[in-house]
Amino acid sequence: MSIADTPATADTSGGAAMPDSEDPPKTAADVDWFTVMVREHSTALVRYFVRRGPRQDAEDLAAEVFATAWRRRNDVPREAVLPWLYRTAGFTLANSRRKHLDLPVDEVPESGVARVDGDPELNILFDAELRGALASVGERDRQILLLHAWEGLDGAELAEVLGISRSGAEAALSRARQRLRDAWGERMSF
C-alpha cells in the first residue's frame with residue numbers, strides 16, 4: 001500500500017464502494033480535508049519513518065497512518081493534525097516492530113536496551129559519544145529528545161504526541177535533556 005492508495009483516493013466518484021465498517025460516512029469536505037492533509041504532511045511522515053526504520057517500509061507505514069487518519073477523521077484535531085499523525089506514527093511503528101520480533105515470552109527483554117544496537121534512529125547518528133549517551137537514557141526520554149530535535153516539536157505539539165499536558169511535555173523535555181547531559185558528561189572521553 002502506498003500513500004496514493006489511501007482510502008480517500010480509492011473512490012471519490014460517488015460510485016458504490018464497499019464501506020469500511022469503522023468509517024463514518026464521507027463528505028466532500030472530508031475528502032478535501034484529507035487530500036490537503038496528505039499533501040501537507042506526507043513528506044514529514046515518510047521522513048519520520050525513514051529515520052526510524054528500513055527505508056523500504058517508510059511509505060507503507062505512512063500510508064497506514066493516513067488510512068487510520070481517514071477512518072478516524074472525526075477524531076483528528078484540525079488545529080493539531082501533524083502532532084496527531086506523529087502520535088499515530090509512533091503506535092504504527094511500534095506495532096510494525098512487534099510484528100517482526102519472534103521472541104518466546106520468556107526471552108522478551110525487560111527494557112528497551114536490547115533494541116538499541118540495531119536501532120536505525122541511533123545508527124544514523126555518527127557520533128559514537130552521542131549515540132552512547134542517547135542509548136543510556138530511557139526509551140521515553142530518547143523518544144522525546146528525537147521528536148524535539150528531528151521533528152522540531154515542542155510545547156503543545158510535543159504534548160499532543162505524548163498525550164500529556166503542555167506543561168507536562170515541557171517538564172518531560174527538560175528532564176530528558178538533563179538526563180542526556182548527565183549521560184553525555186559521564187561518557188566524555190576527552
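This is a predicted model: local features need pLDDT of at least 70, side-chain atom pairs count only at pLDDT 80 or more; totals for chains, interfaces and linings use all residues.
Me: What makes up the secondary structure of the chain?
Reply: The chain has 10 helices and 0 strands.

Me: Why is Phe34 called buried?
Reply: Buried means under 20% relative accessible area. Phe34 comes in at 1%, so it counts as buried.

Me: And what makes Trp70 buried or exposed?
Reply: The cut-off for buried is under 20%, and Trp70 has a relative accessible area of 3%, so Trp70 is buried too. Across the 190 residues of the chain, 38% count as buried.

Me: How many aromatic pairs does a search of the whole structure find?
Reply: It finds 5. One of them is Phe34 with Trp70, 5.3 Å centre to centre, with 75 degrees between the planes. Centres have to lie within 6.5 Å, so these two rings pair. Planes over 60 degrees apart count as edge-to-face, so that's the label here. The pair links distant parts of the chain: Phe34 is in helix α2 and Trp70 in helix α3, 36 residues apart.

Me: Which residues form one aromatic cluster?
Reply: Phe34 and Trp70 are in it, together with Trp33 and Phe66.

Me: How do you know that the charged end of Arg78 sits over the ring of Trp33?
Reply: It is 4.0 Å from the ring centre, and the distance cut-off is within 6 Å, with an angle limit of 35 degrees from the ring normal as well. Arg52 likewise lies over the face of Tyr48, at 3.9 Å from the ring centre.

Notes
Residues are numbered from 1 along each chain as its sequence is written. Side-chain values use heavy atoms; hydrogens and water are left out. Helices (H or I, at least four residues) and strands (E, at least two) are DSSP runs, numbered from the N terminus. Buried means under 20% relative accessible area, exposed over 50%, partly exposed in between (1.4 Å probe, protein chains only). Rings of Phe, Tyr and Trp (its six-membered ring) pair if their centres lie within 6.5 Å; planes under 30 degrees apart count as stacked, over 60 as edge-to-face and the rest as tilted.
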